[in-house]
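Biologist: I would like to learn how to read a fold from a coordinate file. Where should we begin?

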Amino acid sequence: MTNTYKPNKEIMTKLNSTINPTIQLGDEQAILTMILGDKNNKANYIVNALTVGMFVDSRCRNIFKTLEDIQVCNYEPNLSNLLSVLEGDYEREFAINLANRFTSNANCNFYINRLRNSYFERAIMDATSCEEARNILNMQKEFASTDLFVDNKDIANELMDSLDETKELLTLGMPSVDRTIGSLQGGDVMILAGGTSMGKTCMALNFADRVRQTKKVLIFSLEMSAKQLIGRIICMNLGIDSFKLRNNLVSAKEKAEIKQYLDSGEATKNIKIVAKKDLKVSEMRSIIESTDCDLVIIDYLGLAKPENFAKRYEAVSDNSRNIKLMAMELNKPILLLHQINRNYESREDKRPQLADLRDSGNIEQDADIVTFAFRPYMAQESITDDHIELITRKNRFGTPNKANVLIFNGATQRITDKEELGIYD
């Protein structure tokens, strides 16, 4: 007799779950950073919320055990007391580096729960009997019932910090766009989608070029090389035809200008490019943590390698969610490029809608802002290719369904806000 029983999908997901060593190490280091860099008396709370057995990496485990011992002796588990106890120079240097990476511990519960969950998952996998597994699950439930509430004092401190008038907000640098989008803040994910040749990479690079004048930008280019992106930046800023640069048709004068621009360091000022195919989100996370960037750009979602084997729809959904979680955990704004379906080509109005996002409906849910790059010329709605639209369809922090019409120079790949040229609608 054929067994027609279909396994519970949720149970299968849990059974097939694996511990990602890269994420585990990142979580352990993040927790230690929050303890050692503590500035609002949360170190004791974090130490009490975890056990040494929840740490896998030997260095992290040893440091946490020492912090536990310091606390038991009724001393504060801080960097100063830790350094007075540690004997090895290597461990001391490791602890100092962790403390120097501190930015905030307001989201410590997120990391605490992740370390706990991965610990219990390992414990269940290693259980030798049903009774042992049941006891582990009961212990997990007890842990899950605690730490459900956010500290109101932390919220108040964050709100007051955000109102600091001396703090420069991160905007995309185009007046009309900034009024529509507003500022991008840590944890925000902004989607910039578009059809083939609609200019989404060009627009993202123009935004990056403006942001890097005062902030630091990290670009993950999963499709184009770093040389190609730097070439576009050169053309944007020097007004050189990108076709001529690509095909080595520039004049002697233009070559001299390019050399001077490169020698000055302006082409790569405040910008880092990681041009590597098949990067996982977890690998991107490790790279972001090693930099002090203010804005992350990922070009593009569909090329990010899935963490586990899955169908494309599931892989894109998982990566979309993981990128949102990464933005929140690392407190970084992320500009995420994505493609759209070709269905819009058969419509009378070819301007993209939210339903045109490709591969997954979860992308719209995960994003805070969803925008589209649209060139009327490519959609055969204009006989000239001199402007490009940034269409905002979703905006949690502002007005949706707004189109900003920008001046587009295809030869130099430069996009300019009309207001910068004194043109007002």
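**Reading the sheet and its helices**

Modeller: Begin with the sheet. Its 9 strands form an open sheet in the order β3-β2-β4-β5-β1-β6-β7-β8-β9, with mixed pairing. β3 (271-275) and β9 stand at the edges with a single partner strand each, so one side of each has no neighbour in the sheet. Between neighbouring strands the average turn is 25 degrees, direction ignored. Angles here run from 0 to 180 degrees between N-to-C directions, with axes fitted as lines to C-alpha atoms, for helices over the stretch in contact.

Biologist: What kind of model is this, and how are residues numbered?

Modeller: This is a predicted model: local features need pLDDT of at least 70, side-chain atom pairs count only at pLDDT 80 or more, and totals for chains, interfaces and linings use all residues. Residues are numbered from 1 along each chain as its sequence is written, and side-chain values use heavy atoms, with hydrogens and water left out.

Biologist: How many helices and strands does the protein chain have?

Modeller: Helices (H or I, at least four residues) and strands (E, at least two) are DSSP runs, numbered from the N terminus. The protein chain has 17 helices and 9 strands.

Biologist: How many bridges join β1 to β5, and do they run parallel or antiparallel?

Modeller: Two strands pair if DSSP finds at least two bridges between them. Strand β1 (residues 189-194) and β5 run parallel, joined by 6 bridges. Gly-194 has Gln-339 of β5 as its bridge partner. On the sheet packs helix α16 (residues 312-330), which touches β1, β4 (295-299) and β5. The direction of α16 makes about 170 degrees with that of β5.

Biologist: Is Leu-337 buried or exposed?

Modeller: Buried means under 20% relative accessible area, exposed over 50%, and partly exposed in between (1.4 Å probe, protein chains only). Leu-337 lies in strand β5 (residues 334-339). Its relative accessible area is 0%, so Leu-337 is buried. Contact means heavy atoms within 4.5 Å. Leaving aside neighbours within four places in sequence, the contacts of Leu-337 include Leu-192, Lys-200, Ile-297 and Tyr-300.

Biologist: Which strands does β7 pair with?

Modeller: Strand β6 (residues 369-374) pairs with β7 in the antiparallel sense, over 6 bridges. Ile-369 has Asn-395 of β7 as bridge partner. β7 also pairs with strand β8 (residues 402-409), antiparallel over 6 bridges. There, Thr-392 stands opposite Lys-402 in β8. The hairpin of β7 and β8 has 6 residues between the strands, and Asn-401 takes a positive phi near 55 degrees. As for burial, 8 of the 9 residues of β7 (residues 387-395) are buried, so the strand is largely enclosed by the rest of the structure.

Biologist: What about Thr-416, in β9?

Modeller: Thr-416 belongs to strand β9 (residues 414-417). Its relative accessibility is 18%, so Thr-416 counts as buried. Not counting residues up to four places away in sequence, Thr-416 touches Arg-210, Leu-406, Ile-407 and Leu-421.

Biologist: Now a helix. How do I check the span of α12?

Modeller: The expected span of a helix is 1.5 Å times one less than its number of residues. α12 has 13 residues and should span 18 Å; its end C-alpha atoms are 18 Å apart, which agrees. Helix α12 (residues 226-238) lies across β2 (217-221), β3 and β9, at about 145 degrees to β3. Its buried residues include Leu-229, Ile-233 and Met-236. The buried residues of α12 pack against several elements, among them α11 (200-211) and α14 (252-263). Gly-239 follows α12, with a positive phi near 70 degrees.

Biologist: Which residues of α6 are buried, and which are exposed?

Modeller: In α6 (residues 89-100), Phe-94, Ala-95, Leu-98 and Ala-99 are buried. They cover an arc of only 135 degrees around the axis, which puts them on the same side of α6. That arc is taken from the directions from the helix axis to the C-beta atoms. Asp-89, Tyr-90 and Asn-100 are exposed, on the other side of α6. The buried residues of α6 pack against α2 (21-36), α4 (58-72) and α5 (79-85).
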